[in-house]
Amino acid sequence: MGGNSGLFAIRKPISKKQKRILVILSFAIPILLWCAVSYLTFLWHPVVKITSSGDVSYFKKEMLVKKEIFKLENKKMKTKGLKSALGLPYNPVYLPAPHKVAVSFYESFTTPPRRKGESWLHESLGHSIKIIFWGFILSSIIGVPLGILCGTFGFFRNLIEPFVDYFRYLPAPVFGALAVAILGINDGPKIAIIFIGTFFQQVLVIANTTRKLEISLIEAAQTLGASKLAILRTIVIPGILPDIYKDMRILLGWAWTYLVVAEVIGTSTGITWFINQQAKYRNFEQVFAAILIIGIIGLLTDQVLAYLGKKMFYWQRHDLEN
Amino acid sequence: MDELNLTGYKKQSQKVKERFDRLKQREVVLKVENLCKTFDDKKGPILKDVSLKTYRREFTSIIGPSGCGKSTLIRLIAGLEDIGSGKIIVNDEEIDGPGIERGMVFQGYTLFPWLTVVENIMYGLRRKGESKTEARDNALTWVKIVGLQKYEDAYPSQLSGGMKQRVAIARSLATHPKMLLMDEPFGALDAQTRSTMQSYLLQIWKNINISVVFITHDLEEAIYLSDRIIVLKANPGEIAEIIEVPVSRPRTPEQFFTPEFLETKKRLEELIHPKSNEPEEKIKIVKLTQAGDDVF
């Protein structure tokens, strides 16, 4: 065996079967932990759900009280010779059990919102995706070409990067009020926040990626008679495309984190509004369901993008096929 | 005895002598005049007062110890660096930047990884303004010349090092340059592939009208391939000697053991690793074994 094979070999590939098992485990372990904490009453369960209030005046059925208070009250009742309260160990309201979240997950698509005028989960989600889409697209339309120019020409690098470098340290949320003042209270300022959060990073990241292109490829093209424009068009852009694609996947993830900030600016909307609203109603199952959906959307998008990337940039594969 | 050895590499057979006489009758393709180049003023010039010329269809090698500026010299000829002072004249025209009449093959693999073998060879032709079909037809001829028909639609990541360099050579030659500049093109290849590539290059060179300037640090490679060898010395990079290789053509690997080959190699070694007067530094031998079992 030696140190070169087995599960814990340093920087050696793991077999496909083992890989599949580990991927499943990486999701199964957190879920199992959640189940354990939820269903095994001897684990944690710091509160008590009252099943019968006994003679304790302020206890009510279904009420959640802290274990210590429950014990203290029952002790009082005992010394007074009154009826003790009965209850089951329970978890706090902010940690719903998996099955409850699953039910809520389903119900969030089938039951209408509590109040008229409030949006369904999928409507909120749709709105959020729209905000991200436009913020990210607008940022990319300007940011990617600008980044490529900065990475290719010293002129643009020195003209643009210092300011961008300064600006990216300004947290996007501080522009919230300004964005509302300029763009009104609807989607405008939200898209602007996503834009600000993405754009400045994007320019620098793309510029860096562009600079990583092997200079000898450019030199080879020069000796083959390529003009500057031809080099930009036929060498720089195709050469960095796979890496830019990877950068964009990462940047898209960042855009999602700015969403939360964007959605509390002006009128609260989208998935953030939905989560806050459900938390207000103490519907934590719904909160969890919404968070899960965001995670699933993120994971799926990334997997689809990764798959498409592999298809598009097949020339990067390092295998001899014949 | 010493005297005889020193001049041995200068002795040329009648055949070789006639060849050089004919060579020098041809037009000059490249003329380098009093070339100087400094990157860093503190370190002094990397190339100092280099003058040389190469003739049509001549195979010239540039050789020298590391840091002698041989790579800088070829990059200057290619137009990839700005000239400090002096002149580089190719085909009676002073160069200014890279040009299509000077093809270059680099040490690292510089095939465009997103293009197939044919598309790589088409690249220069397309820049010249050839239509897609025209460029493709021409490129396919070159694919055949370098013997990679089976791989015409393969991507560089699917090729071995030797194949990659063959495509790179074809790509440079497809646009019909006057000169082929090669910067240690076989440096990254294993010994076996390397010697195949050398014979291969000689064959191509023999069949087309091109002058080659070839950088290497491999003495045998330089002798085997070249008409003349320009030897540079380091700090600053100056021409130490220009050697006319006395080995007759066509060259074969068997010639590696002929007296003229060995004499030339000996002279190159003397030039590149000059014997210094300082005593050699002795490496202290540290005893690694505890018990008295001396290994040495």
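A crossing of two helices is left-handed if the near helix is turned anticlockwise from the far one by less than a right angle, and right-handed if clockwise. The model described here is predicted; local features need pLDDT of at least 70, side-chain atom pairs count only at pLDDT 80 or more, and totals for chains, interfaces and linings use all residues. Residues are numbered from 1 along each chain as its sequence is written, while chains are lettered from A and ligands numbered from 1 in the order in which they are written.

The domain assignment of chain A gives domain 1 (1-37), domain 2 (47-90) and domain 3 (110-320). Such bounds come from an automatic or database domain assignment. The C-alpha centres of domain 1 and domain 3 of chain A lie 31 Å apart.

Chain A has an open sheet of three strands, in the order E2-E1-E3, with antiparallel pairing. Helices (H or I, at least four residues) and strands (E, at least two) are DSSP runs, numbered from the N terminus. Two strands pair if DSSP finds at least two bridges between them. Strand E2 (64-66) and strand E3 (86-90) of chain A are the edge strands, each pairing on one side only. The twist averages 40° from one strand to the next. Strand E1 (residues 47-52) of chain A is joined to E2(A) by three bridges in the antiparallel sense. Val47(A) stands opposite Lys66(A) in E2(A). Helix H2 (residues 67-80) of chain A lies across E1, E2 and E3 of chain A and runs at about 85° to E2(A). Axes are lines fitted to C-alpha atoms, for helices over the stretch in contact, and angles run from 0 to 180 degrees between N-to-C directions.

Two helix pairs of chain A follow. Helix H8 (residues 215-223) and helix H9 (residues 228-263) of chain A have axes that come within 10 Å and cross at roughly 155°. H8(A) and H9(A) are therefore roughly antiparallel to each other (angles under 35 degrees count as roughly parallel, over 145 as roughly antiparallel, 65 to 115 as roughly perpendicular and the rest as oblique). Their crossing is right-handed. Leu217(A), Ile218(A) and Ala221(A) of H8(A) meet Ile231(A), Ile235(A) and Gly239(A) of H9(A). Residues are in contact if their C-beta atoms, placed from the backbone, lie within 7 Å. The contact of H8(A) with H9(A) has five nonpolar residues, one polar and no charged. Ala, Val, Leu, Ile, Met, Phe, Trp, Tyr, Cys and Pro count as nonpolar, Asp, Glu, Lys and Arg as charged, and the others, Gly among them, as polar.

Helix H4 (residues 121-152) of chain A also packs with H9(A), at an angle of about 140° and with the axes 9 Å apart. H4(A) passes H9(A) in a right-handed crossing. The contact includes Phe136(A) and Ile148(A) of H4(A) and Trp256(A) and Glu263(A) of H9(A). By class, the contact of H4(A) with H9(A) has 14 nonpolar residues, three polar and one charged.

Chain B holds an open sheet of six strands, in the order E6-E7-E8-E3-E9-E10, with mixed pairing. Its edge strands are E6 (102-105) and E10 (238-244) of chain B. The twist averages 20° from one strand to the next. Strand E3 (residues 59-63) and strand E9 (residues 228-233) of chain B pair in the parallel sense over four bridges. Ile63(B) stands opposite Val231(B) in E9(B). Helix H9 (residues 259-272) of chain B packs on the sheet and touches E3, E9 and E10 of chain B.

Terms used. Two residues are in contact if their C-beta atoms, placed from the backbone, lie within 7 Å.
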